Amino acid sequence: MAVENINELPENILLELFTHVPARQLLLHCRLVCSLWRDLIDLVTLWKRKCLQEGFITEDWDQPVADWKIFYFLQSLHRNLLHNPCAEEGFEFWSLDVNGGDEWKVEDLSGDQRKEFPNDQVKKYFVTSYYTCLKSQVVDLKAEGYWEELMDTTRPDIKVKDWFAARPDCGSKYQLCVQLLSSAHAPLGTFQPDPAMIQQKSDANWREVSHTFSNYPPGVRYIWFQHGGVDTHYWAGWYGPRVTNSSITIGPPAALTPPNPRLQNPEWCDTPAEGLSGTSGHARWSWGGRLPPLSFCFREMGHSNSTLKESLVRWSTEKRPTRASGPSTWEAQPVCAPHPTPAMSLLSINELPENILLEVFLHVPARQLLLHCRLVCSLWRDLIDLVTLWKRKCLQEGFITKDWDEPVADWKIFFFLCSLRRNLLRNPCAEEDMRSWKIDSNGGHHWKVESLPGAHGTGFPDPRVKKYFVTSFEICLKSQLIDLKAEGYWEDLMDRFRPDIVVTDWFAARADCGCTYKIQVQLISANYIVLAAFEPPPVTIEQWSDARWTEVSHTFSDYPPGVRYIRFQHGGKDTQFWAGWYGPRVTNSSIIISSKMTRNPAPSTTQPESMQG
């Protein structure tokens, strides 16, 4: 059977293809192709199959779900929205709102005066002192993938959990406040139970507090989480409450699933202990080991198997978006699925025209093509390895133009290098103070962040750059170590193709003071052996210079195989030894892995190991 138009393809074949396309691509791109694709993408069958494929349901699932599309998105987004909840990264991501006494501290879960945490993967905790210590995070829901109409129309359950404990030799007071905020940061919902007072000589068990926000007002755009406390004996050191493993998760609302009988009779809940508040709304304090959550927790679910043909040969009422802009506003409309003809039922996927399959593959993200689609069969593998597909994907993404005439050794690798291309250094322009930088040397009056142009300085060539780092009268050095695998650059890509690594940095002096600037960049192996380095002689700028910004750059090409890390370090000092910050100023540093390859190896048929992130 030959088909010339994509609308002649059998619906069961198209549905099979759509199960391999990520959900956002289905709604943002594929759904806009034509009315046939729109109707198929709106079928319940497709979203139930995608839920099954992703493990959100299991084969024997038989509970009703009101909206499978929304259920799929909520499950795929489900994760802890709080960063660094267990202190593995120090205080990264946390705002220290109140830092009293001897201030916040991170300690290991070890020693005699504590009980083991119920989850053996948790290794550290935050601990407070003899004056109040509070820390917080603000979760931006849109940045986390929860678009506005999803939150306003569906209002998924927002589940908050926190764990705290006291030392047995000292009493303490623990407090928690969680607020749902509007775009103007006005509170739309608040959970703030009474502070938990723990008496001296307690059992030091870890306690869990949890709360579920349900059916809250529309307009929630942020979630503010704050916790902490103080010891009640005012002892120097860190004797206040300990906190760890905090979480905020968003799950399908109860309206999408049937009630859980266990919630109506929660016999597993312990009685609140002396000195601790009881329940508050949907919240409950619980003692000792890890207990089940207090609101319905979606397990790995499934549905009864039915053939695709049976689900297609019927009239069905499906919920689908009324606009083509995305998964937003829903209304019930009838969708007709035609009866398959004999030709349709006999059609094999290998009989489809290659041009039709290639057209579909254009809408599939590259990582999914290699991780899933390429493994379906030899036909799909050969089509996905075609140069034509990757040239068209490069054109579609804007990596090349229609009049492109430069030779490319491997279009697949070129596509991935272009899609990964970005500055690998974090916080290069001091917008987040010293965050993400390791301070190697902090001489004189230490590193400092100032706003451009600064005293006796000049404006930066790029008006988007607003700040810079500045050094002092003794050597100041700071660095970053880039893990290439964590950034998406898998080992075979770096070893076989060795794309150019371009390093740039900008520095300037004050007009009224001389200074010395230095930079060092190293390519490092998995065993931290230096494979290549860029370390020019230090640059000395005399007093009464023009204070103009100077760019330094270097390109690593055809370096040895085995590069796994890049270490970037820069800094300097002033030459007059003046108190304050008169040394070199640095900003807008960058490390970019180019799509250019000085080496031209034979085209690779390998693919990333699980795409390495």
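This briefing walks through strands, sheets, aromatic rings and a few single residues in the structure above. Keep in mind that the model is predicted: local features need pLDDT of at least 70, side-chain atom pairs count only at pLDDT 80 or more, and totals for chains, interfaces and linings use all residues. Residues are numbered from 1 along each chain as its sequence is written, and side-chain values use heavy atoms, with hydrogens and water left out.

- Nine of the nine residues in strand 5 are buried, where buried means under 20% relative accessible area, exposed means over 50%, and partly exposed is in between, using a 1.4 Å probe and protein chains only.
- In a regular strand, side chains alternate between the two faces of the sheet.
- In strand 5 both faces are covered: one side holds Asp-157, Lys-159, Lys-161, Trp-163 and Ala-165, the other holds Ile-158, Val-160, Asp-162 and Phe-164, and all are buried.
- Strand 11 (residues 242–251) pairs with strand 5 in the antiparallel sense over eight bridges; two strands count as paired if DSSP finds at least two bridges between them.
- Within that pairing, Val-160 has Ile-248 in strand 11 as its bridge partner.
- Glu-208 belongs to strand 9 and is buried, at 2% relative accessible area.
- From Glu-208 to Ser-246 is 38 residues in sequence, and 9.4 Å in space from C-alpha to C-alpha.

- Another stop is an open sheet of five strands, in the order 16-17-25-19-23, with antiparallel pairing.
- Its edge strands are strand 16 (448–451) and strand 23 (550–556), each pairing on one side only.
- From one strand to the next, the twist averages 35 degrees (axes are lines fitted to C-alpha atoms, for helices over the stretch in contact, and angles run from 0 to 180 degrees between N-to-C directions).
- Strand 19 (residues 501–508) and strand 25 (residues 585–593) are joined antiparallel by seven bridges, and Phe-507 has Val-586 in strand 25 as its bridge partner.

**Aromatic rings**

- Searching the whole structure turns up 35 aromatic pairs.
- Trp-68 and Phe-71 have ring centres 5.6 Å apart and planes at 75 degrees, so this pair is edge-to-face.
- For such pairs, rings of Phe, Tyr and Trp (its six-membered ring) need centres within 6.5 Å; planes under 30 degrees apart are stacked, over 60 edge-to-face, and the rest tilted.
- Trp-68 and Phe-71 are three residues apart in helix 5 (residues 68–77), so about one helical turn separates them.
- Both are buried: Trp-68 has a relative accessible area of 8% and Phe-71 has 0%.
- Elsewhere, ring pairs tie Trp-47, Phe-56, Tyr-72, Phe-73 and Trp-147 into a cluster.

**Charges over rings**

- Lys-135 has its charged end over the ring of Trp-94, 3.2 Å from the centre (this needs NZ of Lys or CZ of Arg within 6 Å of the ring centre and within 35 degrees of the ring normal).
- Lys-478 lies over the face of Trp-447, 5.4 Å from the ring centre.

**Gln-522**

- Gln-522 sits in strand 20 (residues 515–524) and counts as buried at 15% relative accessibility.
- Leaving aside neighbours within four places in sequence, Gln-522 is in contact (heavy atoms within 4.5 Å) with Val-530, Ala-532, Ala-533, Tyr-565, Ile-566 and Arg-567.

How values were computed: Helix = DSSP H or I, 4+ residues; strand = E, 2+ residues; numbered from the N terminus.
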